[in-house]
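Hi,

Here is the structure I promised to pass on. Please open it alongside this note. What I found follows below.

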Amino acid sequence: MRILVSLFLFLTIILTSCQKDYKNNNQRQIISLEKEWHFINNDIEGGEQPGLKDNNWEIVQVPHDWAIKGPFSADNDAQNIQFVNKGVKQTYTLKGRTGGLPHVGVGWYRKYIEIPDSLSGRRVFIEFDGAMSHARVFLNGKFVGEWPYGYASFGFDLTNKIKFGQSNLLAVRLENLPESSRWYPGAGLYRNVRLVFTNRIHVKRWGTYITTPDIDQGTGNVVIKTIIQNQTGESGVIKLITEIADHSGNIVTSTGTQETINSETEFEQQLTVEDPHLWTPEDPQLYSAISKVIVDGKMVDQYITGFGFRYFHFDSQKGFFMNDRHLELKGVCMHHDLGPLGAAVNKSAIRRQLKLLQEMGCNAIRTSHNPPAPELLDLCDEMGFLVIDEAFDEWKYGKCKNGYNTLFEEWAEKDLRAFIKRDRNHPSVIMWSIGNEIREQSKPDGAEICQFLTDICHEEDPTRPVTAGFDNWKEAIQNGMADIVDIPGWNYKPQYYKTIHANHPDWKMYASETASTVSSRGEYFQPAEIKIYYTRDPYHSSSYDLEFPWWANTPDVEFMAQDSCPFIAGEFVWTGFDYLGEPTPYNIQWPARSSYFGIIDLCGIPKDRFYLYQSRWSDKEVLHLLPHWNWEGHEGKPVSVHCYTSFNAVELFLNGISLGIREKDPTKIYGKYRLIWDNVLYEPGELKATGLDKDGNVIIENIIKTASFPTKIELVADKKTIKANGKDLSFVTVRILDKNGVVCPKADNLVKFSITGGSLIAVGNGDPTSLESFIAFQRKAFNGQCMAIINSGTEASTVTLTAESDGLQKAEIIITTNN
């Protein structure tokens with residue numbers, strides 16, 4: 001019998017963002033609380049009290065990140081750390097560790113909600129997908145509950161505090177403490193908030209758990225556990241009808257169960273689906289279970305749960321298999337912020353990130369180092385990404401003074417159980433990660449804590465393995481932690497894969513965090529050479545992808561280790577995108593304020609490294625040349641030329657003259673995955689590469705030309721038609737061109753924007769040292785490019801974005817919004 005891991009996805013139904021649009025019926029209603037929140041970034045005494053005047057507070061829309069608007073400052077959450085160097089204790093100030101944005105402090109949110117008398121007798125719940133952080137919730141001046149972990153989803157029952165037929169005041173106090181994070185955490189109600197109205201008999205929140213224990217000769221067996229809550233105070237006969245629908249909405253099977261219950265009761269049902277369509281990364285087919293609660297012949301609740309049929313296993317010798325097919329994990333680690341948009345969740349922005357990663361050949365995400373937004377997992381289910389769902393960056397022993405270590409004893413079990421119950425049904429999720437580089441690896445009680453957390457995961461979901469990312473491999477093995485988790489993940493240990501495997505041949509393993517190569521998009525420094533934790537003025541790392549911190553390496557080193565170790569199931573690169581904060585190697589330099597690790601820059605423009613991974617991970621024909629070919633003042637001097645390519649052989653030409661053919665050499669780390677022409681003497685003109693087949697025929701070519709002076713602007717939108725729902729976005733790349741249409745690779749022109757028919761909600765350029773505002777109507781180009789992000793609005797219209805810069809021909813682009 002093949003184990004078929006159970007999976008399902010909770011489908012959030014948003015009926016409206018207007019708090020007054022309530023339907024008078026007996027079924028579940030979900031009201032998104034988005035608009036008309038009153039906000040102040042200050043600690044106000046009595047901020048929860050209805051009598052407090054808040055008419056001068058800012059009116060905001062949730063999801064909302066109060067800190068992203070800035071301003072940047074080196075003093076914002078500057079963190080002092082100590083190192084012992086040659087026996088001498090030294091103190092360093094990390095100025096941009098959490099992005100240099102004003103996320104520390106207190107914020108109050110208040111919203112007035114009118115609930116009609118017709119809904120009295122219903123149960124009323126509030127749900128938060130996440131609130132950063134230390135949330136305290138009040139209704140009509142009375143304390144409702146608290147949840148301190150900023151990445152956790154949580155909710156409370158408001159029924160006994162609601163005033164039906166009157167205006168109710170919902171108030172939320174949030175507080176971000178200093179030195180509580182190693183990266184930019186965001187601030188505020190940065191994820192979605194909703195009210196849920198149910199009958200007094202209803203399916204509990206996260207109350208369905210679907211497993212598909214086996215597939216036998218094309219038949220899928222489904223076990224569904226459903227928790228029904230009876231809050232009437234009386235016993236009653238409850239009938240639960242469960243229908244399973246395929247991706248087209250056709251009902252393929254159903255069953256019914258009837259019981260008498262007087263409180264909270266779990267129903268267990270078994271169904272069979274003939275010839276189920278398996279969920280795969282290439283073809284992510286989803287099913288849905290429709291749970292209908294019937295009382296006295298009437299349906300009083302309906303709860304929809306998405307799920308997928310698929311099974312997988314890890315093999316100690318051959319890696320990862322899904323649906324009996326070997327599959328290499330081609331993954332990236334992802335922090336939660338969305339660059340210029342900050343931490344405020346936007347599904348359109350997340351979808352764009354995943355599309356870019358998919359284009360690169362990526363098939364897996366590690367949610368570093370915390371529970372992700374539900375929208376990310378929904379999209380991974382839909383688009384076919386595999387997910388390592390990670391819970392914590394700290395346990396008892398902290399990395400930050402006010403980090404999760406201050407919450408662990410009281411909250412770890414609550415957070416972990418809630419996290420798994422929320423996410424255990426997503427077909428995309430393949431492992432639970434209980435920690436990243438946990439300090440307990442070297443502590444005597446590390447194994448005990450690890451066992452405690454692993455047991456919780458197994459209790460809540462025995463169908464998936466438990467993992468953790470270990471950077472201290474020797475001590476994690478010695479104290480037993482690596483053996484307690486089902487599958488140990490190794491952070492930055494390619495040189496030890498074979499040693500660990502030889503000592504533990506039965507262990508199933510993967511690379512949980514790799515590379516950490518640093519680069520600034522479009523910045524190149526000669527000569528191209530390996531540099532470890534190297535800093536230079538003007539605080540940029542070279543895009544030759546040969547620079548990295550002391551613990552890390554280049555993509556090429558990890559590729560070589562993966563190729564020689566088939567027992568390693570794959571890798572998760574640090575990171576898919578640049579993120580706010582942690583500007584290694586410029587941790588003590590200012591104005592460095594965002595990371596250099598990303599394969600794609602902060603605003604979503606691919607760096608050169610994107611094409612190196614694409615040449616390895618995808619089936620595309622890749623022929624990418626670097627650097628640019630504008631080296632004024634460097635005439636006659638050597639320039640290193642690299643080519644990231646899927647072709648085994650490439651010929652390089654400079655101004656029509658061949659500089660020779662290079663072929664990949666499997667014996668050389670820097671010859672197997674990239675081709676290099678060192679000491680190309682620079683002269684302006686045209687650099688051309690041709691990709692050759694095995695017979696020497698030219699298949700494709702790539703040309704880089706020397707650009708002349710900037711003369712015009714080009715605007716390119718990722719989507720020219722977007723939905724008029726107030727949430728859909730168009731990302732418009734701004735390029736500075738010469739008269740021949742060649743991108744000027746060093747251009748830093750200030751571009752000013754104007755817009756009609758829509759909203760310009762953010763700008764960016766991918767420069768990790770820029771202190772320009774993300775919400776301004778202007779942005780300097782960084783190495784010839786920047787980005788403008790347009791919001792759709794709520795009415796069908798034509799949006800016109802105009803970009804102008806002194807001395808340049810302006811550009812316009814039209815984006816259509818429709819319903």
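This is a predicted model: local features need pLDDT of at least 70, side-chain atom pairs count only at pLDDT 80 or more; totals for chains, interfaces and linings use all residues.

Helix α3 itself covers residues 408–423. Its buried residues are F408, W411, A412, D415, L416, R417, A418, F419, I420, R422 and D423.

Ring pairs link W411 with F128, W147, F154 and F156 into a cluster. The structure holds 36 aromatic pairs.

Two lysines also sit over rings. The charged end of K688 is over the ring of F653, 5.2 Å from the ring centre. K746 lies over the face of W631, and here the distance to the ring centre is 5.8 Å.

Next, the second largest pocket. It holds about 1,300 Å³ of space. The lining comprises 37 residues, and F83, R97, R439, W550 and W551 are the closest to the pocket's centre. By class, 15 lining residues are nonpolar, 13 are polar and nine are charged.

Which strands each supply at least two residues of that lining? They are β5 (79–85) and β6 (88–94). The largest share comes from β5, with three residues.

Best wishes

Conventions:
Residues are numbered from 1 along each chain as its sequence is written. Side-chain values use heavy atoms; hydrogens and water are left out. On a 1 Å grid over the protein atoms alone, a cavity is a set of points where a 1.4 Å probe fits but cannot get out, and a pocket is an open set with protein on both sides within 12 Å along at least five of seven lines; lining residues have an atom within 4 Å of a point. Grid points are joined across faces, edges and corners, and a volume is the space filled by probe spheres set on the points. Helices (H or I, at least four residues) and strands (E, at least two) are DSSP runs, numbered from the N terminus. Ala, Val, Leu, Ile, Met, Phe, Trp, Tyr, Cys and Pro count as nonpolar, Asp, Glu, Lys and Arg as charged, and the others, Gly among them, as polar. Rings of Phe, Tyr and Trp (its six-membered ring) pair if their centres lie within 6.5 Å; planes under 30 degrees apart count as stacked, over 60 as edge-to-face and the rest as tilted. A charge sits over a ring if NZ of Lys or CZ of Arg is within 6 Å of the ring centre and within 35 degrees of the ring normal. Buried means under 20% relative accessible area, exposed over 50%, partly exposed in between (1.4 Å probe, protein chains only).
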